[in-house]
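Please keep the sequence and the model open beside the text while you work through them.

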Amino acid sequence: MIGLYLNSMKGDILLNINWYPGHMAKAKRLISESLKLVDIILEIRDARIPLSSANPDFDDLFINKSRIVFLNKSDLANSSITRDWINWFAGQGIKAVSINSLDPKDTNNAKNIILDTAKEFHDEILKRKGVKKTIRGMVIGIPNVGKSAFINGIAGAKKAKTGNKPGVTKVKQWIKVTPYLELLDTPGLLWPKLDQREVALNLAYTRTIKEEILDTEEVAHYFLEKAKVEFPEAIVGRYGELDMNLKGYEILENICVQKGWMQAGGIPDIERGSRHILDDFQQGRLGRVTLERPSK
(Lines give C-alpha, C1' and ligand atoms only; values in the text may rest on other atoms or scores of the structure.)
Protein backbone atom coordinates (compact mmCIF):
# COMPACT_ATOMS: atom_id res chain seq x y z
CA MET A 1 0.00 0.00 0.00
CA ILE A 2 1.22 3.49 -0.79
CA GLY A 3 1.38 5.04 2.62
CA LEU A 4 1.68 7.94 4.96
CA TYR A 5 4.92 7.62 6.86
CA LEU A 6 6.62 9.23 9.84
CA ASN A 7 10.29 10.06 9.59
CA SER A 8 11.15 9.65 13.27
CA MET A 9 14.48 11.43 12.85
CA LYS A 10 12.97 14.66 11.59
CA GLY A 11 9.42 14.32 12.89
CA ASP A 12 8.03 15.10 9.41
CA ILE A 13 5.19 13.45 7.57
CA LEU A 14 6.10 12.42 4.04
CA LEU A 15 3.34 11.74 1.55
CA ASN A 16 4.70 9.03 -0.71
CA ILE A 17 2.11 9.75 -3.40
CA ASN A 18 1.70 11.66 -6.64
CA TRP A 19 0.31 14.58 -4.67
CA TYR A 20 -0.31 17.00 -7.54
CA PRO A 21 -1.57 14.88 -10.45
CA GLY A 22 -2.61 16.19 -13.85
CA HIS A 23 -6.25 16.80 -12.98
CA MET A 24 -5.18 19.16 -10.17
CA ALA A 25 -3.10 21.25 -12.57
CA LYS A 26 -6.04 21.26 -14.98
CA ALA A 27 -8.40 22.38 -12.21
CA LYS A 28 -6.12 25.29 -11.32
CA ARG A 29 -6.03 26.40 -14.96
CA LEU A 30 -9.83 26.18 -15.17
CA ILE A 31 -10.25 28.31 -12.05
CA SER A 32 -7.67 30.88 -13.18
CA GLU A 33 -9.26 31.19 -16.63
CA SER A 34 -12.74 31.61 -15.14
CA LEU A 35 -11.76 34.39 -12.72
CA LYS A 36 -12.46 37.15 -15.22
CA LEU A 37 -16.05 35.91 -15.48
CA VAL A 38 -16.91 36.09 -11.76
CA ASP A 39 -17.65 38.86 -9.27
CA ILE A 40 -17.73 36.99 -5.93
CA ILE A 41 -15.64 34.14 -4.51
CA LEU A 42 -17.52 31.74 -2.23
CA GLU A 43 -14.89 29.68 -0.43
CA ILE A 44 -16.01 26.50 1.33
CA ARG A 45 -13.88 25.21 4.20
CA ASP A 46 -14.32 22.39 6.69
CA ALA A 47 -15.41 23.88 10.04
CA ARG A 48 -13.37 21.23 11.86
CA ILE A 49 -10.13 22.39 10.19
CA PRO A 50 -10.65 26.00 9.02
CA LEU A 51 -6.93 26.58 8.34
CA SER A 52 -5.88 23.18 7.02
CA SER A 53 -8.83 23.14 4.59
CA ALA A 54 -7.67 26.41 2.98
CA ASN A 55 -5.62 26.11 -0.19
CA PRO A 56 -2.72 28.57 0.32
CA ASP A 57 -2.78 29.38 -3.41
CA PHE A 58 -6.24 30.95 -3.06
CA ASP A 59 -5.04 34.11 -1.34
CA ASP A 60 -2.97 35.07 -4.38
CA LEU A 61 -5.51 33.84 -6.93
CA PHE A 62 -8.40 35.83 -5.47
CA ILE A 63 -6.60 38.85 -4.08
CA ASN A 64 -8.74 41.33 -6.05
CA LYS A 65 -12.07 39.54 -5.61
CA SER A 66 -14.78 39.91 -2.97
CA ARG A 67 -14.73 36.72 -0.88
CA ILE A 68 -17.02 35.04 1.67
CA VAL A 69 -15.79 32.01 3.66
CA PHE A 70 -18.39 29.36 4.54
CA LEU A 71 -17.39 27.01 7.37
CA ASN A 72 -19.21 23.89 6.21
CA LYS A 73 -19.98 20.70 8.18
CA SER A 74 -20.56 22.90 11.22
CA ASP A 75 -22.85 20.20 12.64
CA LEU A 76 -19.72 18.07 13.13
CA ALA A 77 -17.65 20.86 14.70
CA ASN A 78 -17.61 22.37 18.19
CA SER A 79 -20.05 25.29 17.91
CA SER A 80 -18.19 27.44 20.45
CA ILE A 81 -14.91 27.07 18.58
CA THR A 82 -16.67 27.80 15.29
CA ARG A 83 -17.88 31.12 16.74
CA ASP A 84 -14.28 31.85 17.74
CA TRP A 85 -13.23 31.20 14.16
CA ILE A 86 -15.90 33.53 12.77
CA ASN A 87 -14.58 36.28 15.05
CA TRP A 88 -11.03 35.47 14.01
CA PHE A 89 -11.91 35.82 10.33
CA ALA A 90 -13.67 39.11 11.05
CA GLY A 91 -10.43 40.32 12.56
CA GLN A 92 -8.73 39.49 9.24
CA GLY A 93 -11.35 41.53 7.36
CA ILE A 94 -13.06 38.39 5.99
CA LYS A 95 -16.76 37.58 6.36
CA ALA A 96 -17.18 33.99 7.57
CA VAL A 97 -20.44 32.06 7.95
CA SER A 98 -21.12 28.79 9.77
CA ILE A 99 -23.15 26.34 7.69
CA ASN A 100 -24.31 22.76 7.43
CA SER A 101 -24.98 22.48 3.70
CA LEU A 102 -27.46 19.64 4.33
CA ASP A 103 -29.63 21.84 6.58
CA PRO A 104 -32.23 23.86 4.60
CA LYS A 105 -32.33 26.57 7.29
CA ASP A 106 -28.56 27.07 7.04
CA THR A 107 -28.50 27.06 3.26
CA ASN A 108 -31.37 29.56 3.11
CA ASN A 109 -29.42 31.88 5.41
CA ALA A 110 -26.32 31.46 3.25
CA LYS A 111 -28.37 32.14 0.13
CA ASN A 112 -29.68 35.40 1.58
CA ILE A 113 -26.13 36.50 2.42
CA ILE A 114 -24.99 35.73 -1.14
CA LEU A 115 -28.01 37.49 -2.64
CA ASP A 116 -27.40 40.59 -0.53
CA THR A 117 -23.78 40.69 -1.69
CA ALA A 118 -24.81 40.08 -5.31
CA LYS A 119 -27.42 42.85 -5.09
CA GLU A 120 -24.73 45.32 -4.06
CA PHE A 121 -22.73 44.45 -7.20
CA HIS A 122 -25.87 44.48 -9.36
CA ASP A 123 -27.07 47.86 -8.12
CA GLU A 124 -23.62 49.42 -8.45
CA ILE A 125 -23.29 48.28 -12.08
CA LEU A 126 -26.84 49.38 -12.84
CA LYS A 127 -26.13 52.83 -11.42
CA ARG A 128 -22.77 53.16 -13.14
CA LYS A 129 -23.54 51.62 -16.54
CA GLY A 130 -27.32 51.39 -16.68
CA VAL A 131 -27.05 47.62 -17.23
CA LYS A 132 -28.86 44.85 -15.33
CA LYS A 133 -25.94 42.45 -15.14
CA THR A 134 -26.12 38.86 -13.98
CA ILE A 135 -23.77 38.51 -11.00
CA ARG A 136 -21.61 35.41 -10.99
CA GLY A 137 -20.08 33.67 -8.00
CA MET A 138 -17.38 31.01 -8.03
CA VAL A 139 -17.63 28.23 -5.44
CA ILE A 140 -14.13 27.04 -4.57
CA GLY A 141 -12.46 24.80 -2.01
CA ILE A 142 -10.27 21.76 -1.54
CA PRO A 143 -11.73 18.26 -2.16
CA ASN A 144 -14.40 16.86 0.16
CA VAL A 145 -15.44 20.13 1.86
CA GLY A 146 -18.93 19.90 0.34
CA LYS A 147 -18.92 22.43 -2.50
CA SER A 148 -21.49 20.63 -4.65
CA ALA A 149 -23.80 19.95 -1.69
CA PHE A 150 -23.49 23.66 -0.84
CA ILE A 151 -24.55 24.67 -4.36
CA ASN A 152 -27.46 22.23 -4.37
CA GLY A 153 -28.65 23.69 -1.07
CA ILE A 154 -28.39 27.26 -2.38
CA ALA A 155 -30.01 26.45 -5.72
CA GLY A 156 -32.78 24.43 -4.08
CA ALA A 157 -32.30 21.52 -6.48
CA LYS A 158 -29.82 18.73 -7.23
CA LYS A 159 -27.93 20.58 -9.94
CA ALA A 160 -24.33 19.89 -8.95
CA LYS A 161 -22.90 16.37 -8.85
CA THR A 162 -22.02 15.19 -5.35
CA GLY A 163 -20.30 12.16 -3.89
CA ASN A 164 -18.76 10.77 -0.73
CA LYS A 165 -15.23 10.63 -2.14
CA PRO A 166 -12.86 13.54 -2.77
CA GLY A 167 -12.71 15.01 -6.27
CA VAL A 168 -16.17 14.18 -7.64
CA THR A 169 -16.58 17.50 -9.47
CA LYS A 170 -14.52 17.25 -12.65
CA VAL A 171 -15.83 19.91 -15.05
CA LYS A 172 -17.01 23.51 -15.02
CA GLN A 173 -20.71 23.83 -14.16
CA TRP A 174 -22.73 27.06 -14.16
CA ILE A 175 -25.76 26.88 -11.86
CA LYS A 176 -28.54 29.50 -12.18
CA VAL A 177 -29.89 30.48 -8.74
CA THR A 178 -31.97 33.54 -9.73
CA PRO A 179 -32.29 35.51 -12.99
CA TYR A 180 -29.46 37.74 -11.77
CA LEU A 181 -27.26 35.22 -9.92
CA GLU A 182 -25.27 32.28 -11.26
CA LEU A 183 -22.78 30.09 -9.42
CA LEU A 184 -19.82 28.22 -10.89
CA ASP A 185 -19.02 24.84 -9.36
CA THR A 186 -15.32 24.02 -9.66
CA PRO A 187 -13.20 20.90 -9.01
CA GLY A 188 -11.65 20.57 -5.58
CA LEU A 189 -8.13 21.95 -5.74
CA LEU A 190 -5.22 20.82 -3.59
CA TRP A 191 -1.74 22.35 -3.77
CA PRO A 192 1.59 21.06 -5.07
CA LYS A 193 3.46 20.43 -1.82
CA LEU A 194 2.39 19.43 1.67
CA ASP A 195 5.19 20.71 3.86
CA GLN A 196 3.37 20.96 7.19
CA ARG A 197 2.93 17.77 9.22
CA GLU A 198 -0.20 18.86 11.08
CA VAL A 199 -1.93 20.03 7.90
CA ALA A 200 -1.21 16.70 6.17
CA LEU A 201 -2.68 14.78 9.09
CA ASN A 202 -5.78 16.99 9.38
CA LEU A 203 -6.49 16.42 5.69
CA ALA A 204 -6.11 12.68 6.25
CA TYR A 205 -8.44 12.66 9.26
CA THR A 206 -11.21 14.40 7.29
CA ARG A 207 -10.84 12.24 4.14
CA THR A 208 -9.57 15.03 1.93
CA ILE A 209 -6.82 12.63 0.91
CA LYS A 210 -8.28 9.49 -0.62
CA GLU A 211 -8.30 6.55 1.76
CA GLU A 212 -6.93 4.14 -0.85
CA ILE A 213 -3.53 5.84 -0.78
CA LEU A 214 -3.15 6.10 2.99
CA ASP A 215 -1.84 3.80 5.66
CA THR A 216 -5.01 3.85 7.77
CA GLU A 217 -3.26 2.46 10.84
CA GLU A 218 -0.69 5.28 10.79
CA VAL A 219 -3.44 7.88 10.47
CA ALA A 220 -5.47 6.36 13.32
CA HIS A 221 -2.36 6.30 15.53
CA TYR A 222 -1.72 10.01 15.03
CA PHE A 223 -5.41 10.80 15.45
CA LEU A 224 -5.42 9.10 18.86
CA GLU A 225 -2.18 10.89 19.80
CA LYS A 226 -3.99 14.18 19.14
CA ALA A 227 -7.24 13.05 20.75
CA LYS A 228 -5.68 11.99 24.05
CA VAL A 229 -4.40 15.55 24.55
CA GLU A 230 -7.14 17.71 23.03
CA PHE A 231 -10.41 15.77 23.35
CA PRO A 232 -9.91 12.58 25.40
CA GLU A 233 -13.52 12.68 26.60
CA ALA A 234 -14.72 12.02 23.05
CA ILE A 235 -12.65 8.83 22.84
CA VAL A 236 -13.61 7.57 26.31
CA GLY A 237 -17.26 8.45 25.70
CA ARG A 238 -17.31 6.33 22.56
CA TYR A 239 -15.08 3.39 23.46
CA GLY A 240 -15.13 3.17 27.28
CA GLU A 241 -12.49 3.73 29.93
CA LEU A 242 -8.97 3.79 28.50
CA ASP A 243 -5.52 4.70 29.72
CA MET A 244 -4.96 7.94 27.80
CA ASN A 245 -1.33 8.06 28.95
CA LEU A 246 -0.49 5.29 26.49
CA LYS A 247 0.83 5.83 22.97
CA GLY A 248 -1.64 6.05 20.10
CA TYR A 249 -0.94 2.50 18.88
CA GLU A 250 -1.45 1.11 22.38
CA ILE A 251 -4.74 2.97 22.79
CA LEU A 252 -5.78 1.63 19.39
CA GLU A 253 -5.03 -1.95 20.51
CA ASN A 254 -6.99 -1.47 23.73
CA ILE A 255 -9.98 -0.12 21.83
CA CYS A 256 -9.91 -3.19 19.58
CA VAL A 257 -9.90 -5.46 22.64
CA GLN A 258 -12.76 -3.58 24.32
CA LYS A 259 -14.89 -3.59 21.16
CA GLY A 260 -14.12 -7.20 20.31
CA TRP A 261 -12.36 -6.36 17.05
CA MET A 262 -10.04 -9.38 17.13
CA GLN A 263 -8.33 -11.70 14.70
CA ALA A 264 -7.72 -15.41 15.13
CA GLY A 265 -5.45 -16.17 18.04
CA GLY A 266 -6.65 -13.23 20.11
CA ILE A 267 -4.74 -10.63 18.12
CA PRO A 268 -6.30 -7.13 17.97
CA ASP A 269 -7.56 -6.35 14.46
CA ILE A 270 -5.73 -3.04 14.13
CA GLU A 271 -6.79 -2.41 10.53
CA ARG A 272 -10.47 -2.84 11.36
CA GLY A 273 -10.15 -0.73 14.49
CA SER A 274 -8.38 2.04 12.58
CA ARG A 275 -11.15 2.22 10.00
CA HIS A 276 -13.83 2.32 12.70
CA ILE A 277 -12.13 5.10 14.68
CA LEU A 278 -11.57 7.36 11.68
CA ASP A 279 -15.07 6.68 10.37
CA ASP A 280 -16.54 7.48 13.80
CA PHE A 281 -14.80 10.86 13.73
CA GLN A 282 -15.77 11.61 10.13
CA GLN A 283 -19.43 10.73 10.76
CA GLY A 284 -19.67 12.69 14.01
CA ARG A 285 -20.08 9.66 16.26
CA LEU A 286 -17.37 10.99 18.58
CA GLY A 287 -19.43 14.13 19.10
CA ARG A 288 -18.73 17.61 17.76
CA VAL A 289 -14.96 17.77 17.49
CA THR A 290 -12.88 20.62 16.04
CA LEU A 291 -9.22 19.92 15.32
CA GLU A 292 -7.98 23.51 15.06
CA ARG A 293 -8.42 26.56 17.27
CA PRO A 294 -7.74 30.21 16.37
CA SER A 295 -5.41 30.58 19.34
CA LYS A 296 -3.07 27.97 17.81
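1. How close do the axes of helix H8 and helix H9 come, and at roughly what angle do they cross? Bear in mind that this is a predicted model. The axes of helix H8, residues 232-239, and helix H9, residues 248-259, come within 11 Å, and they cross at roughly 25°. Angles under 35 degrees count as roughly parallel, and H8 and H9 are therefore roughly parallel to each other.

2. The next point is which residues make that contact. On the side of H8 they are Ile-235, Arg-238 and Tyr-239, while H9 contributes Ile-255, Gln-258 and Lys-259. Sorted by class, the contact of H8 with H9 has three nonpolar residues, one polar residue and two charged residues.

3. The structure holds 16 salt bridges, and one of them joins Arg-48 to Asp-46, with the closest N and O atoms 2.8 Å apart. Arg-48 is buried, at a relative accessible area of 2%, and Asp-46 is likewise buried, with a value of 2%.

4. A salt bridge also joins the side chains of Glu-182 and Lys-176, at 3.3 Å from N to O. Here the two partners fall into separate classes, because Glu-182 has 13% relative accessibility and counts as buried, whereas Lys-176 has 44% and counts as partly exposed.

5. In a further salt bridge, the side chains of Glu-198 and Lys-226 meet at 3.4 Å, again from N to O. This pair links distant parts of the chain, since Glu-198 belongs to helix H6 and Lys-226 to helix H7 (residues 216-230), and the two are 28 residues apart. Glu-198 is partly exposed, with a relative accessible area of 39%, while Lys-226, at 11% relative accessibility, counts as buried.

6. Finally, where does Thr-186 lie, and is Thr-186 buried or exposed? Thr-186 lies in the loop between strand E8, residues 181-185, and helix H6, residues 197-205. Its relative accessible area is 0%, and Thr-186 is therefore classed as buried. The side chain of Thr-186 reaches the backbone oxygen of Val-139 at 2.7 Å.

Technical notes
Residues numbered from 1 in each chain as written. Predicted model: local features only at pLDDT ≥ 70, side-chain atom pairs only at ≥ 80, totals over all residues. Heavy atoms only, no water. Helix = DSSP H or I, 4+ residues; strand = E, 2+ residues; numbered from the N terminus. Buried < 20%, exposed > 50% of the residue type's maximum accessible area, 1.4 Å probe, protein only. Polar contact = N/O pair within 3.5 Å; in protein donor to acceptor, adjacent residues only side chain to side chain. Salt bridge = Lys/Arg side-chain N within 4 Å of Asp/Glu carboxyl O. Axes fitted to C-alpha atoms, helices over the stretch in contact; angles between N-to-C directions. Parallel < 35°, antiparallel > 145°, perpendicular 65-115°, else oblique. Contact = heavy atoms within 4.5 Å. Nonpolar A, V, L, I, M, F, W, Y, C, P; charged D, E, K, R; others polar.
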